[in-house]
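Subject: Structure for you to look at

Hello,

Here is the structure we talked about. Please open it next to this email and follow along.

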Amino acid sequence: MRIHRPSAPEEAYRLRKEIAGSAYLLGGTTVLTLGSEFEDLIDINGFIPGAITAEGSNVVIGAGAKLEDVASSGIVPPVIRTAAASCPSLQQRNMAAIGGNAASCRADGYMTAALLASTATVLVYDGSSARSILYYDYIKNHEPEWIVLSISVDSNADGTVKRISRASHMHAVVTAARCGDHYAYTAMPSAIISGVCDCYKDMVLESDTLGSAEYKRYLLSVIFEEGNDGNKS
Ligand SMILES: Cc1cc2nc3c(=O)[nH]c(=O)nc-3n(C[C@H](O)[C@H](O)[C@H](O)COP(=O)(O)OP(=O)(O)OC[C@H]3O[C@@H](n4cnc5c(N)ncnc54)[C@H](O)[C@@H]3O)c2cc1C
């Protein structure tokens, strides 16, 4: 395995474009696992910010901030902190960065539903400039070479996130988040949606080892029933 250490987004982007099958290395909890498929890793820790700062009415979370930093921050809204804390292992929370998680766009993502429901924006370097886009648009339209530099959320984002899994350390079967009247739902293996409360009805659900499509649809239909609050594992 070769590790490349660019000092700026422009160089990292160029390397990622030039080296087929390479990946960015941030926390490394995915790309450094045993049997990793990547021969070339582009270590972006040298220039990715990791600070969490209040800027006007927003909290800006550097993509390099660890999930544990996010979970324990006094200025990050509770819905985002709860999502970061849903990563069940302290060791993993101390390694995994929010940027690596957001960039992975996983349907069992610790952060996916909460970032969508809170209409978070991401600052991305897209090869020509750094620009801010909705996380929803990042999921739908990003190119693999784009670099997430930071994530911005409304400091007053008021909501809740619920993750349902067979056990806390297992993949989430479904995750749901709500901020005001904006909702987001994810379901393994690949369904992600955000919108109004019952937008989960438009999800194309598949059966897998975590459960049948019918089971997932049932979970999604009751997850925000009145009086049904808190995380479930
Ligand atoms: C046992 C185990 C269980 C796991 N379970 C879950 C789970 O249930 N839910 C979940 O969400 N994750 C899970 N993960 C994966 C992982 O721990 C998290 O997704 C983590 O947050 C990834 O962040 P990282 O900083 O470690 O990313 P890295 O491993 O460094 O990178 C992950 C991916 O993101 C890309 N990337 C990294 N940083 C950026 C950036 N700034 N811009 C653009 N692309 C970038 C890389 O190219 C790579 O493809 C699990 C991992 C393990 C080992």
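In which loop does P189 lie? P189 is in the loop between β11 (182-187) and β12 (191-195). Helices (H or I, at least four residues) and strands (E, at least two) are DSSP runs, numbered from the N terminus. The bond between M188 and P189 is a cis peptide bond, with omega about 5°.

Two notes on reading the model. Residues are numbered from 1 along each chain as its sequence is written. The model is predicted, so local features need pLDDT of at least 70, side-chain atom pairs count only at pLDDT 80 or more, and totals for chains, interfaces and linings use all residues.

Domains

The protein chain is assigned domain 1 (2-43), domain 2 (52-154) and domain 3 (159-222). These bounds come from an automatic or database domain assignment. The centres of domain 1 and domain 2, taken over C-alpha atoms, are 19 Å apart. Eleven residues from domain 1 and 14 residues from domain 2 make the contact. Two residues are in contact if their C-beta atoms, placed from the backbone, lie within 7 Å. On the domain 1 side, helix α1 (residues 9-18) gives the most, with five residues.

The ligand

The ligand has 29 residues around it, and G27, T29, G100, N101 and A103 are the closest. Helix α5 gives the most to the shell, with five residues. By class, the shell has 15 nonpolar, twelve polar and two charged residues. Here Ala, Val, Leu, Ile, Met, Phe, Trp, Tyr, Cys and Pro count as nonpolar, Asp, Glu, Lys and Arg as charged, and the others, Gly among them, as polar.

The core

The largest nonpolar core has 70 residues. Such a core is a set of buried Ala, Val, Leu, Ile, Met, Phe, Trp, Tyr and Cys residues joined through C-beta atoms within 7 Å. Buried means that 20 or more other C-beta atoms lie within 10 Å of a residue's own; exposed means 12 or fewer, and partly exposed is in between, with C-beta atoms placed from the backbone. A84, I98, A114, I147, A177 and Y185 have the most contacts inside the core. Its largest share, six residues, comes from strand β10 (residues 172-179). Take I147: leaving aside neighbours within four places in sequence, its contacts are P9, A12, Y13, Y24, I44, V124 and Y125. In helix α3 (residues 78-85), V79, I80, T82, A83 and A84 are buried.

Strands

Look next at strand β5 (residues 58-62). Four of its five residues are buried. Strand β4 (residues 52-55) and β5 run antiparallel, joined by four bridges. Strands pair if DSSP finds at least two bridges between them. I52 has I61 in β5 as its bridge partner. β4 and β5 form a hairpin with two residues between them, and G56 in the turn has a positive phi of about 60°. β5 also runs antiparallel to β8, with five bridges. There, N58 has D154 in β8 as its bridge partner.

Two loop residues

C105 sits in the loop between α5 and α6. Its phi is near 50°, positive in a residue other than glycine. C105 counts as partly exposed because it has 17 C-beta neighbours inside 10 Å. T119 is in the loop between α6 and β6 (121-125). Phi of T119 is near 45°, again positive in a residue other than glycine.

Best wishes

Definitions and conventions: Near = placed C-beta within 6 Å.
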